Amino acid sequence: MNIPTDKLLHFIVGVLIYAVGHFAGHTIGFALVVVAGIGKEIYDYFHRDVHTPDVFDALATICGGVAAYVCGL
């Protein structure tokens with residue numbers, strides 16, 4: 001399976017955001033991942049001259065947070 005590098009980076013960032021945020025609670029950690037993933041794509045939407053918004057980038061970020069939660073971080 002060939003996963004694009006961009007999606008892997010979003011996934012890793014989702015894991016890292018959750019890993020840091022979960023110290024304040026699992027719900028807060030996951031909320032931070034969702035806000036960051038969606039927020040980044042909203043930013044990209046309003047800066048299309050240099051960024052490309054992609055709903056799958058947000059999903060990759062959120063999946064990273066879910067994976068971190070499931071793995072017990």
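Figure 1. With a relative accessibility of 0%, G14 counts as buried. The model shown here and in the following views is predicted. G14 is part of helix α1, which covers residues 5-21. When residues up to four places away in sequence are set aside, G14 touches V33, T61, G64 and G65. A further position, V70, lies 56 residues from G14 in sequence, and the two C-alpha atoms are 13 Å apart in space.

**Figure 2. Overview of the fold, for orientation.** The protein contains three helices and zero strands, and the order of its elements from the N terminus is α-α-α. The C-alpha trace spans about 35 × 30 × 15 Å along its principal axes. A compact globule of 73 residues would have a radius of gyration near 11 Å, and the value of 12 Å for the protein agrees with this. Of the 73 residues, 27% count as buried. The accessible surface comes to about 4,900 Å², and carbon and sulfur atoms account for 75% of this area. Among contacts between residues at least 6 apart in sequence, 60% join residues that are at least 24 apart.

**Figure 3. Packing of helices α1 and α2.** Two packed helices are described by the angle between their axes and by the distance between those axes. For α1 and α2, the angle is about 145° and the axes are 8 Å apart. The crossing of α1 and α2 is right-handed. On the α1 side, the contact is made by H10, G14, I17, Y18 and G21. On the α2 side, the residues taking part are H26, I28, G29, F30, L32, V33, A36, K40 and E41.

Figure 4. Apart from neighbours within four places in sequence, H10 is in contact with K40, E41, D57, A60 and T61.

Figure 5. V20 is another residue of helix α1. The relative accessible area of V20 is 62%, and V20 is therefore exposed. V20 and A67 are 47 residues apart along the chain, and their C-alpha atoms are separated by 14 Å.

**Figure 6. Close-up of D44 and H51.** D44 lies in helix α2, which covers residues 26-46. D44 has a relative accessible area of 2% and is buried. Leaving aside neighbours within four places in sequence, the contacts of D44 are H51, T52 and P53. H51 is situated in the loop between α2 and α3, the latter comprising residues 55-70. At 26% relative accessibility, H51 counts as partly exposed. Beyond residues up to four places away in sequence, H51 touches K40, Y43 and D44. H51 and E41 are ten residues apart in sequence, with a C-alpha to C-alpha distance of 9.0 Å.

Figure 7. I38 is found in helix α2. With a relative accessible area of 41%, I38 is partly exposed. The C-alpha atoms of I38 and G64 are separated by 13 Å, while the two residues are 26 apart along the chain.

Figure 8. A disulfide is a covalent bond between the sulfur atoms of two cysteines. A pair of cysteine sulfur atoms must lie within 2.5 Å to count as a disulfide, and by this rule the count is zero. The cysteine sulfur closest to that of C63 belongs to C71, and it is 13 Å away, too far for a bond. C71 is accordingly in no disulfide.

Key
Residues are numbered from 1 along each chain as its sequence is written. This is a predicted model: local features need pLDDT of at least 70, side-chain atom pairs count only at pLDDT 80 or more; totals for chains, interfaces and linings use all residues. Side-chain values use heavy atoms; hydrogens and water are left out. Helices (H or I, at least four residues) and strands (E, at least two) are DSSP runs, numbered from the N terminus. The radius of gyration is taken over C-alpha atoms; the globule rule is 2.2 Å times the number of residues to the power 0.38. Buried means under 20% relative accessible area, exposed over 50%, partly exposed in between (1.4 Å probe, protein chains only). Contact means heavy atoms within 4.5 Å. Accessible areas come from the Shrake-Rupley method with a 1.4 Å probe; for residues, only the protein chains shown count as cover. Axes are lines fitted to C-alpha atoms, for helices over the stretch in contact, and angles run from 0 to 180 degrees between N-to-C directions. A crossing is left-handed if the near helix is turned anticlockwise from the far one by less than a right angle, and right-handed if clockwise.
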